[in-house]
Amino acid sequence: MAANSSLCLTPACISAASHLVWQMAPQWDKMDPCTDFEKMVCYRYQEQNFEDKGIALVIMDQNRRVLREILELPYEEAVHYQSVPWKSTFPINSIDEANFDMLRRAYDTCLDTEAILETDRAPLKGLVSELTSLWPVVPSDTKTTVGKSDYEGLTEAIYYLADLGLYPLLQYEVGANILKDPKETLLQVQGPVPIQVNATALTDTAGLQAYVQKTKTAFTYYLDLSDSVAESLAKGVVDFEVAISTLAGPPVDEDDVTEEMVSFHTLDNLGKFITVFDPKRIFSSLAGPAYKGDNVITESDKYWAAYNKLISNTPKSVVQGWLILLAVKSLGDAVSVDADEERWIHCVDHADALVRNIALRFFVAARFPEAAREQILGMAKGVQSEAMKTFEKLEWMSPEARNRTKQKAANMALNVGYRTANPDIRLPQSLAEYYQTINVTDSYFSNYLHVLRHKNDERFGALGKPTDRGLQPFATAKVNAEYHRGINSINLYASMPQLPTYHHDLPSYATFGGYGAVVGHEIFHAFDNNGVLHDETGLRGIWWDNKTMDEWSNRAQCLVDQYSAMTYPVPGGEEAIDGMATLGENIADAAGLKHTYAAWQTLVKSGKAKVQDLPGLEFLTHEQLFFVFFANQWCHSYREEFNDWKWEKGVHSYDGARIAGATANSRAFREAFKCKVKEPTCEIY
């Protein structure tokens with residue numbers, strides 16, 4: 001208990017404190033936090049929860065429930081929705097009401113399972129019929145290959161599906177030009193990947209046979225084919241899938257892409273390399289007349305030669321069958337009520353996806369007041385400042401590397417909570433204008449397609465404009481925070497800073513130790529093993545001198561070795577963490593925690609920190625509680641079977657290792673708990 005501090009008894013403080021007291025070990029005071037901190041903080045969470053969940057999933061569940069409660073209220077009550085310890089205070093507004101009605105109609109239509117079942121798969125069958133009418137092909141003809149006469153029809157079929165945001169024989173994205181100028185956007189065009197995401201289905205005999213049968217069933221229904229014709233076509237399509245997979249090769253991380261691996265084109269000359277259909281027709285229609293097509297990055301020219309050969313040598317019925325399978329697989333949920341989750345969960349997410357910024361407006365009003373946004377932005381600026389102080393002192397950095405690294409920290413865009421432009425979610429008129437092309441109907445299938453088209457419109461609407469470094473679209477309920485290295489920005493979404501880990505009324509040690517550590521984590525992704533490959537503008541390349549890079553690598557190896565020595569439980573034993581694969585996250589954890597603690601201490605010294613105690617936790621110092629709130633974010637109840645799936649190939653370390661590793665790398669933690677060894681195990685920054 002700190003001297004001269006009072007007890008915080010607000011609803012938020014009582015809620016957060018009771019959560020911590022409940023989950024801590026019953027005899028925590030007899031445990032050694034220096035070696036068993038996770039069990040001390042997370043004991044009952046692990047012992048008494050029986051679902052594969054961490055705190056993030058618990059918060060996501062409660063976020064969805066808040067949205068559900070809002071969506072099931074009439075507008076007059078939704079604007080005043082109260083979720084202790086928050087209360088919405090929107091004034092009633094006719095434009096706001098019309099926006100809410102769009103959101104509510106999308107939700108209600110999704111819930112109307114009787115109407116969906118009544119139409120069955122007819123809407124999707126109609127879409128397949130439209131698709132085949134654009135490029136008429138005889139399904140039973142498995143010999144006639146794609147030729148020049150198919151150029152126009154194949155182009156129209158591809159555009160039809162691309163307009164829905166699907167990836168028909170191409171992948172495409174709009175993003176910053178990280179190889180030349182991150183301030184400008186460009187169109188990124190790549191070859192296709194298999195529809196079947198389960199690699200086993202394309203690599204073993206049993207998997208291939210099962211995939212053929214599922215594809216045959218789809219063709220039998222959607223194309224009204226006989227069993228024999230459907231099976232023959234299905235075999236051809238699956239063989240084509242295997243060929244696509246072989247052509248694509250293993251996935252390449254964004255930061256492993258070099259200029260030698262890609263080609264820069266204009267839209268006008270792209271047709272010289274993609275010759276089996278008209279890419280200019282497709283992308284100029286998707287982007288609209290404002291896009292001049294002068295900035296396109298694609299696979300290497302060598303790749304397109306093999307791509308054209310593959311399609312030209314494939315029966316046209318098989319290529320069309322692949323497009324049909326893509327549509328059926330991608331849109332199947334739009335004609336189904338089957339799901340692993342309760343229907344209301346699916347429908348909350350559906351309504352959110354259709355008019356996300358409207359859903360976010362009502363969620364923010366209920367769960368994320370302006371005071372929280374300002375406080376989190378203040379924490380981010382505090383961590384940013386501490387990072388620059390550290391960079392100034394790092395002797396292993398050359399003067400030029402030090403100055404540019406400080407500039408990168410200063411340049412970082414800090415986006416918190418929600419957008420205030422294009423659209424400004426605080427203004428009903430701004431939202432109404434943003435969604436003026438959306439027509440929410442009583443047809444679930446139609447609304448589903450609206451979701452896809454609107455997302456595609458947002459994507460292509462960015463072409464030809466300066467790179468948007470503002471908050472990127474993200475599911476309202478889903479718990480996450482992100483760093484975007486190509487544009488040097490962090491996105492701190494309103495969904496994550498929620499009780500039991502955050503509330504703006506909590507004492508400063510709680511806000512900084514809990515969500516503040518997440519903020520610090522995201523900031524230091526700018527300086528992890530991927531972040532250091534992008535300079536202060538986001539441009540990818542070598543911008544540190546060799547000596548500085550070598551010094552950094554030597555320190556990073558300590559973290560690789562540290563985490564590689566850690567394990568997590570799986571059925572039948574323990575599995576080692578991949579210290580190299582998880583390096584970026586582990587760097588961000590260690591450096592983020594250190595500098596968030598420093599930012600909190602700076603606030604304490606300024607006299608502006610909230611220093612109240614929490615009920616039931618007076619036996620811990622504020623310094624200790626800072627780390628208790630940090631560890632609380634990674635409490636979980638994962639079964640061994642779940643661990644085997646979740647952590648095998650991920651970039652994040654096992655949650656327990658995140659607690660153990662980050663605290664072992666924190667001098668402040670070891671001092672707070674009076675550990676024998678005060679030096680951090682590993683430290684880069």
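These are my notes on a few residues I looked up in this predicted model.

**Ground rules.** The model is predicted, so local features need pLDDT of at least 70 and side-chain atom pairs count only at pLDDT 80 or more, while totals for chains, interfaces and linings use all residues. Residues are numbered from 1 along each chain as its sequence is written, and side-chain values use heavy atoms, with hydrogens and water left out.

**Pro 33.** I found Pro 33 in helix α2, residues 33-48 (helices are DSSP runs of H or I, at least four residues, numbered from the N terminus). Pro 33 counts as buried because its relative accessibility is 13% (buried means under 20% relative accessible area, exposed over 50%, partly exposed in between, with a 1.4 Å probe and protein chains only). Skipping neighbours within four places in sequence, I see Pro 33 in contact with Met 40, Phe 669 and Phe 673 (contact means heavy atoms within 4.5 Å). I also checked Pro 33 against Leu 394: they are 361 residues apart along the chain, and their C-alpha atoms are separated by 30 Å.

**Leu 360.** Next I went to helix α16, residues 356-367, which holds Leu 360. Leu 360 has 11% relative accessibility, so I put it down as buried. Not counting residues up to four places away in sequence, Leu 360 touches Gly 417, Tyr 418, Ile 425 and Thr 476.

**Glu 118.** Is Glu 118 buried or exposed? Exposed, because its relative accessibility is 70%. Glu 118 lies in helix α6, residues 113-119.

Definitions and conventions. Helices (H or I, at least four residues) and strands (E, at least two) are DSSP runs, numbered from the N terminus.
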